[in-house]
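Dear colleague,

I am handing over the structure we spoke about, and my notes on it follow directly below. Please read them with the model open beside you.

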Amino acid sequence: MTRAAILKGFLDKINIPKESHPGCWSVIKVEKMLQDTGIRGYEIIHEPRVVRIEGQEELIRILLHLVPSEVLNEYHLILSRLDNKMKIKIGCWQFEARA
């Protein structure tokens, strides 16, 4: 047997649990969340999954809406500020606003 086959057989016997990745929210869910928070002026860019909103007040409303109910252990919540742009990244979506 080759070394690769032996190693593969050994790893199969160990049965390492695979890391689970959370499912990505649909555009419909994101739009519903924006409506629930009262945010009207937004732009959704589908391919990189970015939601641009008007101001940081709306970004805070999104954060307050997400934290108690939507943040799970599987999602990584990242808050960042670079130059004049604030961002919240959760799961596979990024919400950004000018500061």
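Which hand does the link of Cys24 and Cys92 have about the S-S bond? With 95° about that bond, the link is right-handed.

Before going further, a word on the basis of these notes: this is a predicted model, in which local features need pLDDT of at least 70 and side-chain atom pairs count only at pLDDT 80 or more, while totals for chains, interfaces and linings use all residues. Residues are numbered from 1 along each chain as its sequence is written, and side-chain values use heavy atoms, with hydrogens and water left out.

**The disulfide**

A search of the whole structure finds one disulfide, a term used here for a pair of cysteine sulfur atoms within 2.5 Å. Cys24 and Cys92 are the two partners, with an S to S distance of 1.6 Å. The pair links distant parts of the chain, 68 residues apart, since Cys24 lies in the loop between helix H1 (3-14) and helix H2, and Cys92 in the loop between strands E4 and E5. Helices (H or I, at least four residues) and strands (E, at least two) are DSSP runs, numbered from the N terminus. Cys24 counts as partly exposed because its relative accessibility is 33%, and Cys92, with a relative accessible area of 27%, is partly exposed as well. For these labels, buried means under 20% relative accessible area, exposed over 50%, and partly exposed in between, with a 1.4 Å probe and protein chains only.

**The sheet**

Five strands form an open sheet with mixed pairing, in the order E1-E2-E5-E4-E3, where two strands pair if DSSP finds at least two bridges between them. The edge strands, each pairing on one side only, are E1 (42-45) and E3 (77-82). From one strand to the next the twist averages 15°, taken between axes that are lines fitted to C-alpha atoms (for helices over the stretch in contact), with angles that run from 0 to 180 degrees between N-to-C directions.

E1 and E2 (residues 50-53) run antiparallel and are joined by four bridges; together they form a hairpin with four residues between them. Within this pairing, Ile53 in E2 is the bridge partner of Tyr42, and Ile44 stands opposite Val51 in E2.

Tyr42 has its place in strand E1 and counts as partly exposed because its relative accessibility is 27%. Leaving aside neighbours within four places in sequence, Tyr42 is in contact (heavy atoms within 4.5 Å) with Glu31, Leu34, Val51, Arg52 and Ile53. Glu43, also placed in strand E1, is partly exposed at 42% relative accessibility, and its contacts, under that exclusion of neighbours within four places, are Val50, Val51 and Arg52.

**The core and strand E5**

The largest nonpolar core has 18 residues, of which Val51, Ile62 and Phe95 touch the most other members. Such a core is a set of buried Ala, Val, Leu, Ile, Met, Phe, Trp, Tyr and Cys residues joined through side-chain atoms within 4.5 Å. At least two residues of this core come from each of H2 (27-36), E2, H3 (56-69), E4 (85-90) and E5 (93-98), and H3 gives the most, with four residues. Phe95, not counting residues up to four places away in sequence, touches Trp25, Val30, Met33, Val51, Leu59, Ile62, Met86, Lys87, Ile88 and Ile90.

**Two residues with positive phi**

Arg49, in the loop between E1 and E2, has a phi near 60° and is partly exposed at 35% relative accessibility. Asp83, found in the loop between E3 and E4, has a phi near 55° and counts as exposed because its relative accessibility is 73%.

With best wishes
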